[in-house]
Amino acid sequence: MLNITFILCRQMLATSVSLPLEQLKAAQAQAYSETPKNMRAGQATLNIKLASLDGEPVKTHTGLVFTPDASALDINNSDIIYLPALWRNPRPVLAQNAALLPWLRQQAKKGVLIAGVGTGCYLMAEAGLLDNKAATTHWHYFDQFKKRYPKVNLKQEYFITQADNLFCAGSINSLADLTIHFIQRHFSPDVASNVERHFFHEIRRAYDSSVFYQEIVKAHPDEDIVRMQTWLNDNHSKDVKMQDLAKQFGMSIRTFNRRFKNATGISPLNYLQKIRMEIAKDLLQTTNLSISEMMYKVGYHDIAHFNTLFKKHHGTTPGQYRTTVRAKLFTLNN
C-alpha cells in the first residue's frame, strides 16, 4: 500500500493536484490489468487522500472546489505528500497555513517524501526544510524566493531538484515527470512508460536528465565508487571493460563489483546500461539519428542486444518508442 496525500490550499492550481492524481490512478489501473487474476488480491495499491489544513472544502483561484477527505493534521501515515502550486503571490497562503508547517516538519523527519511544485515549494522553505539544501521554484519567483529564503541553495537552471526526501519541481510539467519517476519506483518501468506515453505524446525530457539536480548526486560515502560513477557517466559511449576499469582504480574485479553494488545497489554493468538507456531514450525523442546510429553513439554494436536492453528498461522497442513520443510532432509538421 502506498499512502499519498495531496495538500489543498486556497489559490492553488487545480492541475497541480488533478494531473499527478490522474497519472497515479492510471498507473494503478495499468498494473491491475497486467496482473494475473489469481495474484490481484496481493497487489500493491494506492491509498490517496485529499487534505486541507482544517478539513474544509477549498476553492481554487478559478472557482473549482475540492472537497478533502480529512484535515492534514490528522494524517500521519503518508509515504508521499504533494504540495500544490499557488496562484500568484504565495505569501497570503503561507500565513493562512502556518499551522501546517510543524506538521510538514514532522513528516519530513519521519522520512516521508515531500514533493512541491512551483510556489508550493515555499511551504517547504517556510517550514525550514530546505535550509542549506538544493531547491527550485517557479522561475517568476526566483528573486523573491532567494530574498525570503537566503539559506536555501536555489538551483535556477534545474526544473527538478532532490535533497534527501524533499523534491521540488519548477512547473506542472516537471511535476508530471516527477510523478512518472514515483510510478516507476512503486510499480515498474513498464507501467511508468505506459502512463507516460498515454499522457504525453509530445517530446519530453526525462526526470533524471540534465534538468534534474540531486543534492547528493551519489548518495553514499564511498569516494572511490563516486569517482568510478563519474568516469562511467563521462565515458558511457566507449567500449568499457569492467576488468580494466577496476584495474585503473587499483581494485580487483571482485572487490570492484562488491563495493560498487554495496554503494549503489546495482552492479557496475547495470549502472552503465541504465546510463546508456536513458541517453538512448533522449536521443530517440530529440534527434533524427537512425536507431543504428544512435545505438553506436551510446556504446552498443549489436542491434538485437540493444533492442532487448531498451525494451527491458523502457517497456517498448526503440522504434515503437520513437513512433509514440514523436507522433504529435510529426502530425503538426505535416
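Mentor: Helices (H or I, at least four residues) and strands (E, at least two) are DSSP runs, numbered from the N terminus, and by that rule the chain comes to 14 helices and 12 strands. This is a predicted model, in which local features need pLDDT of at least 70 and side-chain atom pairs count only at pLDDT 80 or more, while totals for chains, interfaces and linings use all residues. Residues are numbered from 1 along each chain as its sequence is written, and side-chain values use heavy atoms, with hydrogens and water left out.

Trainee: Why is Ala31 called buried?

Mentor: Buried means under 20% relative accessible area, exposed over 50% and partly exposed in between, with a 1.4 Å probe and protein chains only. Ala31, which lies in helix α1, has a relative accessible area of 9% and is therefore buried. Of the 334 residues of the chain, 50% count as buried.

Trainee: What makes α1 and α6 roughly parallel to each other?

Mentor: Axes are lines fitted to C-alpha atoms, for helices over the stretch in contact, and angles run from 0 to 180 degrees between N-to-C directions. Angles under 35 degrees count as roughly parallel, over 145 as roughly antiparallel, 65 to 115 as roughly perpendicular and the rest as oblique. The axes of α1 (residues 15–34) and α6 (residues 172–186) come within 10 Å and cross at roughly 25 degrees, and the two helices are therefore roughly parallel. The residues making the contact (heavy atoms within 4.5 Å) include Leu19 and Leu24 of α1 and Leu175 and Ile183 of α6.

Trainee: How do you know that the buried residues of α8 are on the same side?

Mentor: The buried residues of α8 are Ile225, Val226, Met228, Gln229 and Leu232. They cover an arc (that of the directions from the helix axis to the C-beta atoms) of only 160 degrees, which puts them on the same side of α8. The face turned away from this buried side carries the exposed residues Glu223 and Asp234.
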